[in-house]
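Subject: Structure handover

Hello,

Here is the structure I said I would pass on. My notes on it follow below.

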Amino acid sequence: MSLRIYAINLDRSIDRWNVLSRQAEALGLPLSRVPGHNGAAILPEDRIDCDMRAFERNNGRTILPGEYGCYRSHLEALAAFYQTGEPVGVIVEDDIELSADLLVRAGSAVEALPEADVIKLFNHRIVGFKRAVVSRTGDEIGRTMHGPQGSAACYVVTHLGAERLIEGLKIMEYPWDVALERGWASGVRIYTTRQDVASPTRDGTTIATQSAYRASKFPWWKRLRTYGIRIVEAARRIAYVHNG
């Protein structure tokens, strides 16, 4: 199976692109750059396909500019891949360390679970994992009963999966990494590898700092409805895992 990597990279992050492209060249990995959206350069009133009320209700805080830019960037990367007509592609953010076996393991994951639309290849946490299959390269693939798992820095997606994501996640109501996992809501068939196939660089994310996340949160009493939504989401995730 022939796969290409589509890497999201902000115009200002020249050093990151240079490092990533040199890695890809050294490893013989096909790499295409997708210019990222700079959310800080877009005024809130100029944001498109963004339901700010739903986001605040679902997340208990305001949207950070970097989150909006990240969301738009992933949709852009999916569209770039989809337009090629290729059957399978890998989407990465530019803070991922490429490895020689990345595309082999991504391809074997899709071969092992052809019904999957998306298989996440990197997460911050895996809790309550339920295995569906094991790929020929030894990767366990399944779903987790606890989430969000965090990060959308690397995932393999099919042509049909890209189409479903572009349509089903067109309107922003969650950060991209959270929205991506919500297969029970979008109808997209999402899975994950138990062990990370990719690893992050030391540079960290350009989306936002921890202090920015904390500052965006509403007072606890304004988040009561959000807590209720999260309980329902947790129950829906568990049902999604058990119902296959």
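Before the rest, a word on the source. This is a predicted model in which local features need pLDDT of at least 70 and side-chain atom pairs count only at pLDDT 80 or more, while totals for chains, interfaces and linings use all residues. Residues are numbered from 1 along each chain as its sequence is written, and side-chain values use heavy atoms, with hydrogens and water left out.

Helix 9
Thr226, Ile229, Glu233, Arg237, Tyr240 and Val241 are the buried residues of helix 9 (buried is under 20% relative accessible area, exposed over 50%, partly exposed in between, with a 1.4 Å probe and protein chains only). They cover an arc of only 105 degrees around the axis, which puts them on the same side of helix 9; the arc is that of the directions from the helix axis to the C-beta atoms. An α-helix has 3.6 residues a turn, so residues three or four places apart point the same way. The cover over the buried residues of helix 9 includes helix 2 (52–59), strand 6 (129–134) and strand 7 (140–144), and also helix 6 (176–181), helix 7 (183–186) and strand 9 (190–193). After helix 9 comes glycine 244, with a positive phi near 75 degrees.

Asparagine 59 lies in helix 2 and counts as buried, at 9% relative accessibility. Leaving aside neighbours within four places in sequence, asparagine 59 is in contact (heavy atoms within 4.5 Å) with Glu173, Tyr174, Pro175, Thr226 and Arg230. Arginine 131 is in strand 6 and touches Glu140, Ile141 and Gly142, not counting residues up to four places away in sequence.

Pocket and cavity
On a 1 Å grid over the protein atoms alone, a cavity is a set of points where a 1.4 Å probe fits but cannot get out, and a pocket is an open set with protein on both sides within 12 Å along at least five of seven lines; lining residues have an atom within 4 Å of a point. Points are joined across faces, edges and corners, and a volume is the space filled by probe spheres set on them.

The largest pocket holds about 1200 Å³. Its lining has 45 residues, with Arg125, Pro148, Gly150, Asp177 and Val178 nearest the centre. Helix 9 gives the most to this lining, 7 residues. By class, the lining of the largest pocket has 19 nonpolar, 12 polar and 14 charged residues (Ala, Val, Leu, Ile, Met, Phe, Trp, Tyr, Cys and Pro are nonpolar, Asp, Glu, Lys and Arg charged, the others, Gly among them, polar).

There is 1 cavity of 30 Å³ or more, and the largest cavity has a volume of about 90 Å³. Of the 13 residues lining the largest cavity, Arg143, Gln149, Glu181, Ile190 and Arg237 lie nearest its centre. Strand 7, strand 9 and helix 9 each supply at least two residues of that lining.

Helix 4
In helix 4 (residues 102–112), 8 of the 11 residues are buried. These buried residues pack against strand 1 (5–9), strand 3 (88–93), strand 5 (118–120), strand 7 and strand 8 (154–158).

Regards

How values were computed:
Helices (H or I, at least four residues) and strands (E, at least two) are DSSP runs, numbered from the N terminus.
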